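Me: I am new to this structure and would like to learn how to read it. Could we take a few features in turn?

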Amino acid sequence: MRKILLPILVIVATLVIIARLFYLQIMDDSYIKKSDNNAIKIKYEYPERGYIYDRNGKLIVANQPAYDIMVTPSEMKDIDTLALCELLKVDTIYFNERLKKARVYSPRLPSVFLPSLNKKEFAAFQEKIRRFKGFDIVKRSLRDYQIHVAANIFGYIGQVNDAIIKKDPYYKSGDLIGKQGVEQVYEEVLRGQKGVKYIQKDRFNREIGSFKEGKYDTLAQPGRDITLTIDSELQEYGEKLMFEKRGGIVALEPKTGEILALVTAPSYDPSLLVGRERSKNYQMLEKDTLGIPLFDRGLLAEYPPGSPFKILTGLIGLQEEVIDENTTFMCHHGFSYGRGAFMRCHGFGPHQLNNGIYNSCNTYFGSTYRLIIDKYTKPQYGVDAWASHLRSFGLGGFLGYDLPPGKKGLVPDSKLYKHYYPNGGWRSTTIISNSIGQGEVKMTPIQLANMMATVANQGYYYTPHVIKKIQGGGIDPKFKEKHQTTIDKQYFPPVIQGLFDVYNYGTASRLRVEGIEICGKTGTAENFTKINGVRTQLTDHSIFVAFAPRENPKIALAVFVENGYWGARWAGPIASLMIEKYLKGEATTQKAREEWIMTNGLKDEYAKVISGQPFLINQGR
């Protein structure tokens, strides 16, 4: 038995080894795809990124060819460094830095040495590439913007970093990825699928042809096109109206939640972040700490909503049955709500819901808010009931739109006030500023626009979104879901009548547009910041919210102009122009106003932070 045991073991071991080799070489192909396989060279073919169209079918983002010079350190041999640097117009410091980075990534895998060559640079290097072993050229596609606006919507394309490569094996060093905007959110749709070629090498590291006659090669699959909800002409028009101003414009289609325009100001030409100058230009934009062009104010800026918030105060008062349309409060140029406590107001005399809205009466809405909170046995219960209604409008949380998350805003509730007043003692009058959109309440422009879309729909909204169509696929079904508020439909018509009368008799009577019935609300919000560590009140913000037409609304929007004095000064005219532009194709009845808005700004006002000139405060409603 012992005599045959050893031969049996040898035979069994041999068979196991043969079986394993058979599996690896015939059955299992995975080993050929490993980056450390010295006998196989992997080459990637990069697909064209999907095109982007606006809601009217206009091409707004296409592609242009670009060429990256790649380096594989292990294949470098007898390189004339000075000749290479001279040809590529780089210095030896750059050469050494890129080579060091490439070796850290992988000596055997290609890394980007010099990105984004144009056709002329590509042709010059292609002619002499044989002199520089270890260097190769990869063709990619960069974005080619057909319009010079909407940078905050598009985002941009940039190289992947090490963290992305570790997280997602699809990406390799030098690959491009969408960053910010729709380029980031719809990256997997737009990028397509890389093609792969496996090339056999001999023992001298020379390429000798396709591995197994190209059996494992794959073709690149181009990215899919997408259509956005954006009206590119309205977007461009909005950015022109925000000349030398800071703030945002958000316009929605109420019946669908589609975003028609998303303007942030100041902004920049999206083509600045394309090509070899992208990094330099990005740093330039990032260093603008006053204008902050990379900061999307429509999504990220949290402001006190000011008087437009009175719309919600009125609706909640009706729903809570503490007021009706005929409830009357006397205004004496303000609201006295405690010993020495007085909220100023431009109104005077008796105010009901209708003229309370179109006169923007602080007394009316302060009194209504007080009744809402005091309806309950404890102010905690009252403020939580009030906050619950607000959250049903999408406030105090992320709306869920298909852009990188913005800010939640703030809906104060009993938890917040327990933190502020740990010993208790607070009541409705303590937090009365909430009634008129000051106090602790914060909203983003897109939340304000969505609020108006909800009012236009008389109690419901669809999640705002920028995607309208994806080639060969559907959009997220959540954008088709109706969100119902806690306010009954019956309470919206009297509020809408008040908003319509803002244009007839109220604070926007000079902003009427011939042939269009607009419902809107002016707003002025106090504006504070810290200057040299001291809390300082700056010039008030100008706010306007509106929808039109009154029946079957097609557009709802919010306009926010920082330091814009009062609602009807800047934001109101901009809103009227945007509405007429969208509904009529051009602002035919407001040419003088259009020209003035497009050629005048608030440059001097913003300079006051540095110059020390006095700020204009408490000017409007």
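This is a predicted model: local features need pLDDT of at least 70, side-chain atom pairs count only at pLDDT 80 or more; totals for chains, interfaces and linings use all residues.

Me: Let us start with helix α9. How many of its residues are buried?

Reply: A residue counts as buried when its relative accessible area is under 20%. Helix α9 covers residues 232–241, and seven of its ten residues are buried. They are Ser 232, Leu 234, Gln 235, Tyr 237, Gly 238, Glu 239 and Leu 241.

Me: Which residue caps the N-terminal end of α9?

Reply: That is Asp 231. One of its side-chain oxygens lies 3.1 Å from the backbone nitrogen of Glu 233.

Me: Now the rings. How many aromatic pairs does the structure hold?

Reply: There are 20 aromatic pairs. To read one, look at the distance between ring centres and the angle between planes; an angle over 60 degrees counts as edge-to-face. Phe 329 and Tyr 364 are edge-to-face because their planes stand at 75 degrees, with the centres 5.3 Å apart.

Me: Where in the chain do Phe 329 and Tyr 364 lie?

Reply: Phe 329 is in strand β13 (residues 329–338) and Tyr 364 in helix α14 (residues 362–374), so the pair links distant parts of the chain, 35 residues apart. Phe 329 is buried at a relative accessible area of 16%, and Tyr 364 is buried at 0%.

Me: What is the geometry of the pair formed by Tyr 503 and Phe 544?

Reply: This pair is also edge-to-face, at 5.9 Å centre to centre and 85 degrees between the planes. Tyr 503 belongs to helix α18 (residues 492–504) and Phe 544 to strand β19 (residues 534–548), so the pair ties together parts 41 residues apart in sequence. The relative accessible area is 3% for Tyr 503, which is buried, and 0% for Phe 544, also buried.

Me: Which residues do ring pairs link into a cluster?

Reply: Tyr 94, Phe 95, Phe 113 and Phe 135 are linked in this way.

Me: Which ring does the charged end of Lys 482 sit over?

Reply: For such a case, find the charged end and then the ring centre below it. Lys 482 sits over the ring of Tyr 460, with its charged end 4.3 Å from the centre. Lys 581 lies over the face of Tyr 237, 5.3 Å from the ring centre, and Tyr 237 is one of the buried residues of α9.

Me: What does Glu 594 touch?

Reply: Leaving out residues up to four places away in sequence, Glu 594 touches Tyr 237, Leu 577 and Ala 587. Glu 594 is in helix α20 (residues 591–599) and is buried, with a relative accessible area of 13%.

How values were computed:
Residues are numbered from 1 along each chain as its sequence is written. Side-chain values use heavy atoms; hydrogens and water are left out. Buried means under 20% relative accessible area, exposed over 50%, partly exposed in between (1.4 Å probe, protein chains only). Helices (H or I, at least four residues) and strands (E, at least two) are DSSP runs, numbered from the N terminus. A polar contact is a pair of N or O atoms within 3.5 Å; within protein, one must be able to donate a hydrogen and the other to accept it, and residues adjacent in sequence count only if both atoms are side-chain atoms. Rings of Phe, Tyr and Trp (its six-membered ring) pair if their centres lie within 6.5 Å; planes under 30 degrees apart count as stacked, over 60 as edge-to-face and the rest as tilted. A charge sits over a ring if NZ of Lys or CZ of Arg is within 6 Å of the ring centre and within 35 degrees of the ring normal. Contact means heavy atoms within 4.5 Å.
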